[in-house]
Amino acid sequence: MFFPDLPMRRLGLTAAAAVMAVAMVGTAAAQSMVVRSTGPSAGKYPTGAKLKSTDKLNLVAGDKVVLMQAGKTRTLSGPGTFGATGTVQASQSLGGNVARMLAKGPTMRSRGGFTRGDPAAPQPADMRAPNLWLLDYREGGTFCVADPATLMLWRPNMVGDTALEIESAGKKTMVAIVDGANFRKWPVDVLPVQYGTDYRLSGGGLAQPVTVRFAAMDTIPDTVEGSIDMLMAKGCSPQLDRLVDTMSEAEAGQG
């Protein structure tokens with residue numbers, strides 16, 4: 001009876017292991033994750049749920065589920081039955097907005113806001129901060145801080161001078177944002193960034209006060225998937241919504 005020599009057997013086992021590894025990677029890559037879920041069926045498909053490629057989503061009227069797969073989003077609207085995976089080709093130009101959203105260390109060049117005298121420009125209420133690590137002070141809730149020392153406040157309207165009041169633990173300060181600017185550094189000298197502490201923001205064009213609480217990050221993720229996982233884990237919903245909205249626009253602009 002013939003037996004292959006040991007090196008050949010080892011080679012065969014190694015090749016088989018490689019094939020299995022590729023198959024497992026392919027299976028993992030085929031998975032989708034729910035990154036937004038609204039409507040009557042939201043409880044069945046909660047944000048953060050992982051779906052296998054064979055799973056089906058049964059949506060009713062009023063449902064909207066946004067899935068992420070391989071760094072792209074796919075929006076499903078009910079009623080209907082949908083597979084958990086599908087081909088999505090995002091717009092390359094709008095995909096650049098996603099890259100800017102994830103960029104580390106936003107600078108004053110990351111300028112975005114209302115353009116004076118341009119009726120076709122997006123209005124301030126419709127605009128979002130162009131980078132995840134800019135604090136849009138209209139958005140209350142938990143905010144993941146990339147670097148407390150360089151945290152920047154952002155407003156969509158660059159027209160006119162405004163003053164934002166920030167209060168925490170009995171201390172308060174005023175932050176001025178001048179005409180033509182939509183950035184201003186967080187006042188770390190008066191109110192340092194502290195995690196798990198509430199900061200009450202008022203004025204600055206806000207219709208009503210907003211409360212912000214900061215969450216620490218060990219590292220800034222390098223990928224869309226990593227960023228979404230981290231924002232979900234930390235409960236940083238405003239930033240998660242900002243990223244998902246930008247990804248969805250890239251999806252809608254495909255062609």
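User: What makes cysteine 144 and cysteine 236 a disulfide?

Analyst: The sulfur atoms of cysteine 144 and cysteine 236 lie 2.1 Å apart, and the cut-off for a disulfide is a pair of cysteine sulfur atoms within 2.5 Å, so the pair qualifies. By this rule the count comes to one disulfide.

User: Why is the disulfide of cysteine 144 and cysteine 236 called right-handed?

Analyst: The torsion about its S-S bond is about 85°, and the disulfide is therefore right-handed.

User: Which parts of the chain does this pair link?

Analyst: Cysteine 144 belongs to strand S8 (residues 141-144), whereas cysteine 236 sits in the loop between H3 and H4, and the two are 92 residues apart, so that the pair links distant parts of the chain. Both cysteines are buried, which means that each has under 20% relative accessible area.

User: What makes up the largest nonpolar core, and which of its residues touch the most other members?

Analyst: This core has 22 residues, and those touching the most other members are Cys144, Ile228, Leu231 and Leu243. Two or more residues each come from strand S1 (32-38), strand S4 (64-69), helix H2 (92-102), helix H3 (224-234) and helix H4 (237-252), with H4 giving the largest share, five residues. Membership requires buried residues of the nonpolar kinds, joined through side-chain atoms within 4.5 Å. A second, separate core has 20 residues, including Ile166, Val175, Leu201 and Val212.

User: Which residues does leucine 243 contact, leaving aside its neighbours within four places in sequence?

Analyst: Leucine 243 is in contact with Val98, Met101, Leu102, Leu132, Ser227, Ile228 and Leu231.

User: Why are strand S2 (50-51) and strand S5 (72-77) said to stand at the edges of the sheet?

Analyst: The open sheet has four strands in the order S2-S1-S4-S5, with antiparallel pairing. S2 and S5 each have a single partner strand, so one side of each is left without a neighbour in the sheet. S4 and S5 are joined by six bridges, where a pair needs at least two, and lysine 64 has serine 77 in S5 as its bridge partner. H3 packs on the sheet, touching S1 and S4, and its direction makes about 50° with that of S1.

User: Where does pLDDT stay under 50, and how many contacts beyond four places in sequence does the model have there?

Analyst: Residues 1-29 stay under 50, with two such contacts. Residues 106-122 are also below 50, and this stretch has 33 contacts beyond near neighbours in sequence. Where pLDDT is low, the predicted coordinates should not be read in detail. For the protein, the mean pLDDT is 79, and 75% of residues reach 70 or more.

Conventions. Residues numbered from 1 in each chain as written. Predicted model: local features only at pLDDT ≥ 70, side-chain atom pairs only at ≥ 80, totals over all residues. Heavy atoms only, no water. Buried < 20%, exposed > 50% of the residue type's maximum accessible area, 1.4 Å probe, protein only. Contact = heavy atoms within 4.5 Å. Axes fitted to C-alpha atoms, helices over the stretch in contact; angles between N-to-C directions. pLDDT = per-residue confidence, 0-100.
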